Amino acid sequence: MTSSDAGSAVPRLVIAAPSSGSGKTTVATGLMAALTARGLAVSPHKVGPDYIDPGYHALATGRVGRNLDAYLCGPELVGPLFLHGAHGCDIAVVEGVMGLYDGAAGEGELASTAQVAKLLRAPVVLVVDASSQSRSVAALVHGFVSWDPEVRIGGVILNKVASDRHEVLLREAVDSVGVPVLGVLRRAAPVETPSRHLGLVPVAERGSDAVDAVAAMGAQVAAGCDLEALVGLARAAGPLPGGSAPWTPGPMPTLPHARMRSRGGTPIPSRSDKKSPPRVAVAGGAAFTFSYAEHTELLAAAGAEVVTFDPLRDEELPEGTQGLVIGGGFPEVYASELSANEGLRKSVAELAFSGAPVAAECAGLLYLCRELDGLPMCGVLDAAARMSERLTLGYRDAVAVSDSVLAGAGTRMRGHEFHRTVVEPTAGAVAAWGMRAPERRVEGFVERGVHASYLHTHWAAEPGVARRFVERCRTS
């Protein structure tokens, strides 16, 4: 084995299921916690754009939870992003999304757990909700094993098993398929993981309750699963295909008298070393929990000094802030507290009206509006936001309508929407994005140095975004 092979041969497992609701999150998070308790350095990953599960993964492992999304970042980045997150770890656990073979609507296997498992050449452990079946489980497992021969299902964990007799029947059925049973979890009161309109309540909002929930998941998996067999399966994965090298946030090279372009086409500005690092404030705390770790890594690699602040607690932006990033989260849950923090709202508005770069996604968009459910917000945008009964959810193929602090006009990016709110109007005089799919429309706002939109994007797919933003911070 070459040194590059050794670097890419991270032991790894994908935890998948026939459908949502089968127990993937409980098993994946519990396995991460159980292996960490045994002294292993565990690298946590989540397939798809989900922001909430990685918070529980991080709590279980003590490491940043990272996403692997073949739609947002492209299949070619799945391996490198995985290796970036797994560097220095003993084992990696990847939690799937939806059912094993479910992906982006109308795109075949794209962004499915199965595709990610194949890209990582990782064995899959199938979590089956066995609560309403016995021998039929054999047909279900056989179907998932045989559907795509390139997907290696290395074992099954039976969830919600009712009794010893039920377990015997299930084991006999699965044995007939030739797939080992690596764990049996009994039907029990569910681990306390409360949900609301967009899924699980994030870790940042739950404090010690989240710690207790993760510990309970870890104990449940440790008691019901064969950890040695699971680790052995992970170690049999071998090197990643194609000698993948880890993704890196930078620094990127610059060429004199030329503009470099990344995959999506956004120019990457040259960087001046004559000025001190611009200070970029990134919103955090319980109201703004949706972010990808790679964003702050890219900002730092582009030369920014990244500082975090909590809009629920801090009464003004960090001193010397030259740029502002406000990601996703749940401002609708904390609308009263955000509105009551008048000092910070005024500080944000002053920065935005000065022309400084401001990037706001989804929750950030709502916070910049004139009001949210009738409560005053920052007033940066002449728009009103309100809760809605309708869930807006799905991948989007978008193109930048105009030049902004994030992208040049015509830059194509893929993103994801996930909200139960409405902003009126949906777009400003200058829109942020033109949606190419699934429907054609424009949305978002580009005003002064502000780029605000519902669209969540992954900057690793378009590294020029962070470089452009930091350069604008230097010159604004």
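User: Which residue just after H5 takes a positive phi, and of about what value?
Analyst: This is a predicted model. Look just past the end of helix H5. There, Arg-121 takes a positive phi of about 50°.

User: How many of the residues of H5 are buried?
Analyst: H5 is mostly covered. Thr-113, Ala-114, Gln-115, Val-116, Ala-117, Lys-118 and Leu-120 are buried there.

User: What covers the buried residues of H5?
Analyst: The cover includes strands as well as a helix. Among the strands are E1 (12-16), E2 (42-47) and E3 (66-68). E4 (91-95) and E5 (124-129) are also included. The helix named in this cover is H4.

User: Are H4 and H5 roughly parallel or roughly perpendicular?
Analyst: The axes of H4 (residues 78-86) and H5 (residues 113-120) come within 9 Å. They cross at roughly 75°. Angles of 65 to 115 degrees count as roughly perpendicular. H4 is therefore, relative to H5, roughly perpendicular.

User: Which residues of H4 and H5 meet, and how many are nonpolar, polar and charged?
Analyst: H4 brings Val-78, Gly-79 and Phe-82. H5 brings Val-116, Leu-119 and Leu-120. By class, the contact has 5 nonpolar, 1 polar and no charged residues.

User: Where is Leu-100 found, and is Leu-100 buried or exposed?
Analyst: Leu-100 is found in the loop between E4 and H5. Its relative accessibility is 0%. Buried means under 20%. Leu-100 therefore counts as buried.

User: How far apart in space are Leu-100 and Gln-115?
Analyst: In sequence, Leu-100 and Gln-115 are 15 residues apart. In space, C-alpha to C-alpha, the distance is 8.9 Å.

User: At roughly what angle do the axes of H2 and H9 cross?
Analyst: The axes of H2 and H9 (residues 208-224) come within 7 Å. H2 is roughly perpendicular to H9. The crossing angle is roughly 85°.

User: How many nonpolar, polar and charged residues make the contact of H2 with H9?
Analyst: On H2, the contact residues include Thr-25, Val-27 and Leu-31. On H9, they include Val-214, Met-217 and Gln-220. The tally is 8 nonpolar, 6 polar and no charged residues.

User: Is Ser-388 buried or exposed?
Analyst: Ser-388 lies in strand E18 (residues 384-400). Not counting residues up to four places away, Ser-388 touches Arg-420, Thr-421 and Val-422. Its relative accessible area is 17%, so Ser-388 is buried.

User: Which residue has its backbone nitrogen 3.0 Å from a polar atom of the side chain of Ser-388?
Analyst: On the Ser-388 side, the atom is a polar one of the side chain. At 3.0 Å lies the backbone nitrogen of Arg-390.

Definitions and conventions:
Residues are numbered from 1 along each chain as its sequence is written. This is a predicted model: local features need pLDDT of at least 70, side-chain atom pairs count only at pLDDT 80 or more; totals for chains, interfaces and linings use all residues. Side-chain values use heavy atoms; hydrogens and water are left out. Axes are lines fitted to C-alpha atoms, for helices over the stretch in contact, and angles run from 0 to 180 degrees between N-to-C directions. Helices (H or I, at least four residues) and strands (E, at least two) are DSSP runs, numbered from the N terminus. Angles under 35 degrees count as roughly parallel, over 145 as roughly antiparallel, 65 to 115 as roughly perpendicular and the rest as oblique. Contact means heavy atoms within 4.5 Å. Ala, Val, Leu, Ile, Met, Phe, Trp, Tyr, Cys and Pro count as nonpolar, Asp, Glu, Lys and Arg as charged, and the others, Gly among them, as polar. Buried means under 20% relative accessible area, exposed over 50%, partly exposed in between (1.4 Å probe, protein chains only). A polar contact is a pair of N or O atoms within 3.5 Å; within protein, one must be able to donate a hydrogen and the other to accept it, and residues adjacent in sequence count only if both atoms are side-chain atoms.
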